[in-house]
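Below are some brief notes on helix packing, for reading next to the model. Please check each point against the structure.

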Amino acid sequence: MAASMVRWTGLLFVVGAALFALGVLLSLLPASPPLLSAVTYAIGAVFFTAAATLQLVLARRALPEAERRSLPLRARTTDWLAAAIQLVGTVLFNINTMDAALTIGARPELVDVQVWVPDIVGSVAFLVSSVIAVVPEVRARRHSHVVNASQRIAFLNLAGSVLFFVSAASALVLRSGADVSLVWANIGTLCFLVAAWLFGWPRPRPHGAMGQLKGEAPS
């Protein structure tokens, strides 16, 4: 059951990242209507939220039985905290992408408040979650099924989060250069996609690989 949930988590992240990448490409095509890319982003954000929800469930499953039965906010590990912050970020991206679709053609100041604010806050949440997820304790819990790729997954997600933050910040500052923001977002999306693929479709582990994370052997 846990292995199936891990694969579904990876698959949902892959689909979400692929839809975000498609949304960026559609945004760069002059013939593509803006609403099409906006809807693509909104659908991709839903997949991200579904994947983040499963990752939070996986983090709870790793807790002792007594903690799993307690209130959610009391059942904390560093892995659970990273997953919870990530889920908040995806929900904010849902708000961001849906508002973006609904406010196409609206006044810039309206877009800044309704779209940019949840985008930048969601990007910060992703960044904080990714920084926490680099910690060996978190990777040992989260990547026990794919220890050989653990460092790559963690740092790809961190790179993607940094680039998403840069993209979100640039979206407000660079009024005449929106393409710059989109380029950063697309590179970040590709980082998320590769990390999700490595997480959901691991290679067979060599004998004795379970202990590698604690010893910090290269992955």
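1. Helix 1 crosses helix 2 in a left-handed sense (left-handed if the near helix is turned anticlockwise from the far one by less than a right angle, right-handed if clockwise). Helices here are DSSP runs of H or I with at least four residues, numbered from the N terminus. This is a predicted model, in which local features need pLDDT of at least 70 and side-chain atom pairs pLDDT 80 or more, while totals for chains, interfaces and linings use all residues. Residues are numbered from 1 along each chain as its sequence is written, and side-chain values use heavy atoms, without hydrogens and water.

2. Helix 1 covers residues 2-28 and packs on helix 2 at about 160°, the axes being 8 Å apart. Helix 1 is therefore roughly antiparallel to helix 2 (an angle over 145 degrees). Their contact holds 25 nonpolar, 8 polar and 1 charged residues. Asp, Glu, Lys and Arg count as charged, Ala, Val, Leu, Ile, Met, Phe, Trp, Tyr, Cys and Pro as nonpolar, and the others, Gly among them, as polar.

3. Helix 2 (residues 34-61) also packs against helix 4 (residues 78-102), at an angle of about 165° and with axes 8 Å apart. Helix 2 is thus roughly antiparallel to helix 4. The crossing of helix 2 and helix 4 is left-handed. This contact of helix 2 with helix 4 has 18 nonpolar, 7 polar and 2 charged residues.

4. Met98 belongs to helix 4. The C-alpha atoms of Met98 and Ala42 are 5.6 Å apart, although 56 residues separate the two in sequence. Met98 is partly exposed, at 43% relative accessible area (between 20% and 50%, with a 1.4 Å probe and protein chains only).

Conventions
Axes fitted to C-alpha atoms, helices over the stretch in contact; angles between N-to-C directions. Helix = DSSP H or I, 4+ residues; strand = E, 2+ residues; numbered from the N terminus. Parallel < 35°, antiparallel > 145°, perpendicular 65-115°, else oblique.
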